[in-house]
Each structure stands twice: as C-alpha cells, then as structure tokens.
Amino acid sequence: MNFLKAEIENKRKFLENIHSEEQEQKKKKYVRRSDVEKKREQQYLAEQAEIEKKREECFTKFRKEKDKRIKRYLLLLLAEQEKAEKSASDSEGQKEEYDGSDTFNISPEEVVRRLRAKGQPIRLFGESDKDRKTRLRALELIEERTEGQRNDFMRTLEEMDTNLDLEALKKQQDEEESRTSKKKKTTEDSVLDNTPISIELLEKDPDKLFVLIYTFLRRLIREWEQEMNNRPDHVKRSVQGKLSAATQKQTNEYMQPFFRTLKKKSIEPDVLARVTEITHYMQKREYMNANDAYLRLSIGNAPWPIGIIHERSAREKIFSAQVAHVLNDETTRKWIQSIKRLMTFCQSKYPPEDNSQLMG
C-alpha cells in the first residue's frame, strides 16, 4: 500500500507540474496525452544521457589504468632482458676462462676417473678431449657452489667411494691391523658383558651413569666399525655395502655432540633417564622395552600435534617426561636418530632369547 501511495503521489505531482506549465501558457483545465508523452520522453533522454556520461568516464579511467599496467610490464620485460644479456655475457666470459688448457691441465686418465666417480659418461657423442675437460670442470664448479646444500648422507657416501680405491685400501689394511691388535683386548668380551647399567643409579650415583653410558655406546660403535671393516671386498664395493658403511660413519659423526655432553655431564635429567633406560634394556636384550624408552625420548607422551592457537596454554600442562626432545634442535635430532641405529645393530648382533622382545 505504501508503494502504491508513493506512485500515486509521484503521478499527481508530475501531472500538477505539467498542468501548471500549461495553465501559465494557456489557461486550460485539461492536459493533452501527447504533451504527457513528450515530457516523459524528454525525462527519459536526460536520464540516458547521464548514464552514458558516467559510462564514458569509467571507460576512460579504465583505459588510463590499462595503459599504466602495459607500460609497467614493458619496463619489467626490458629489465629482465638486460639481466639475461648480462648473465649470458658473464657465462661466455667464464667459458672463455675455463676453455684454456693451462687453467685445467690434467691427464685423460684422470678425467675418465673423475667422471666415473661422479656417475657421468666418460665421453659424449662427438665430444673432444678439450670439451670433456670443460664438462668435468663445469660439474666440479656446480658441486662447489651447491656444497652447502648437499645431503650429509650423500656426502658421506661419496667419501666412502673415494676411500675404496686400491691405494686407500692398502693403507687401511696396515692401519686396521694396528688397530685390531690394540683393540683385541677390549673387544674380546661382549659389549653386553660390561658393568651393568642400572636404572637405580639415577638416584644413587648419577655421575657413574655418564661413564657407563659413554663406555657402552663407544664400544658399540667400535664393534660396528670393526664389523664393517671385516667384510669381504666385494661386499664393501656393493651398493648395499656402501650404504651400510656410510650409515655407520654418519652415526659415529652424529654421536660426537652427545659424547661431549656426557663428558661434561651437562645432560638434562629427563634425557639422562630415558637414555639410561635404553642402554639398560639393550644390555638385557629387551629391545621392545628399549624401543618404548626411545619413543618416550624422541616424541614423548605429549598430544601430537599441540596446535598453534592453544600452544602456550597446552605447553604449561606438559610435564618434563612428555616433552618431545626430537623437536629441540637439529643436533639433538641427529644423535637421537643415531641411538636408534645403534639399537638396530645391537639387536642384529646380539639377538634376544625371546622373540617377543624383537623390535620392528
């Protein structure tokens, strides 16, 4: 009803305006339909002219913005083209430097040996000796630039490949003979026959635990290294043999920060308790219980994951035994992972009497 009233009111005002204009011109009591239609047409044309004017303003504004974007894009293209030309000129300059035979003068046999060590073909189709040297030099430069971003395990694996050369093997034989003669006395007995690591020492004598854990893990790594060295030569040179040797060497490197903290006796009490449980159960050949202690050390009993919004309030409720120590830093994660590898080696060398104590 309100809408109808408003329409009637607008119609009445419109007719009154027309009526007043006509009365001024001619004092008549009626309005012709043609005049009403003419007035309505003028009003419609005025509205359309205003709409067209606004449309033209928007179109001109859009064209200006589009021109600005095109100019900006052209400037970026020119800048990228200049950079590409500059880098191309630099690479050509480097190629000219490395093409000289004086800067990279090695024998063809050495080139073949290095390319094979890198897993690259020793000669491409239509490649000359000079081109082959240039390709080798480019590969070495790429390795030097990306050396900080390479995987630790791949670097260790490559070191194992280089150590397996004939000259290195001859030197290692003499060193191994001297080592084994010195270590025979210490490795005659089993690692598990050492002084037992008791969990009760956490309360009675914590200082003694540092020495016992250090000795136990050190001798376990030494036995693992001796087992790697006692393998036949064809096993050492196989892919699986190289991987296992690289894993042993990497484990030894990752455990060094943990051994330093053991010497300084600066390990947190909850971490010491978990490591004591792991070594205690390893000596008793209860590897399932040792694996449970390892899980409490690595990920703890905390809900996983905690979340970001309620992280602060949730962390206040976590006890020290529930902390995930593997999240502390990269060094801690590495030696915790190395302890797991030592557990696997100990289980393979000293299997339990009860198969239910085997960890997966």
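I looked up glutamate 286 and found it partly exposed, at 21% relative accessibility. I kept in mind that this is a predicted model. Buried would mean under 20% relative accessible area, so I filed glutamate 286, at 21%, as partly exposed. Its salt-bridge partner is lysine 284, with the closest N and O atoms 3.8 Å apart. Lysine 284 is partly exposed too, at 46% relative accessibility.

**A network of salt bridges**
Next I followed shared partners: Glu110, Arg113, Arg114, Arg137 and Glu140 are joined by salt bridges into one network. Within it I checked glutamate 110 and arginine 113, whose side chains meet at 2.9 Å, N to O. I noted that about one helical turn separates these two, because they sit three residues apart in helix 3 (residues 108–117). Glutamate 110 has a relative accessible area of 23%, which makes it partly exposed; arginine 113, at 45%, is partly exposed.

**Helix 9**
Which side chain does aspartate 233 meet in a salt bridge? I found arginine 237, at 3.5 Å, N to O. Both residues lie in helix 9 (residues 233–237), four residues apart, about one turn of the helix. Aspartate 233 is partly exposed at 40% relative accessibility, and arginine 237 at 36%.

**Whole-structure count**
I then searched the whole structure and got 16 salt bridges.

**A positive patch**
Last, I turned to the surface, where Lys64, Lys68, Arg69, Lys71 and Arg72 gather in a patch of positive charge. I picked out lysine 68, which lies in helix 2 (residues 33–99). I wrote it down as exposed because its relative accessibility is 57%, and exposed means over 50%.

Conventions
Residues are numbered from 1 along each chain as its sequence is written. This is a predicted model: local features need pLDDT of at least 70, side-chain atom pairs count only at pLDDT 80 or more; totals for chains, interfaces and linings use all residues. Side-chain values use heavy atoms; hydrogens and water are left out. Patches are made of residues with over 30% relative accessible area and no salt bridge: like charges are joined within 9 Å, nonpolar side chains (Val, Leu, Ile, Met, Phe, Trp, Tyr) within 5 Å. Accessible areas come from the Shrake-Rupley method with a 1.4 Å probe; for residues, only the protein chains shown count as cover. A salt bridge is a side-chain nitrogen of Lys or Arg within 4 Å of a carboxyl oxygen of Asp or Glu. Lys and Arg count as positive and Asp and Glu as negative; His and the chain ends are not counted. The place of a charge is taken as NZ of Lys, CZ of Arg, CG of Asp or CD of Glu. Buried means under 20% relative accessible area, exposed over 50%, partly exposed in between (1.4 Å probe, protein chains only).
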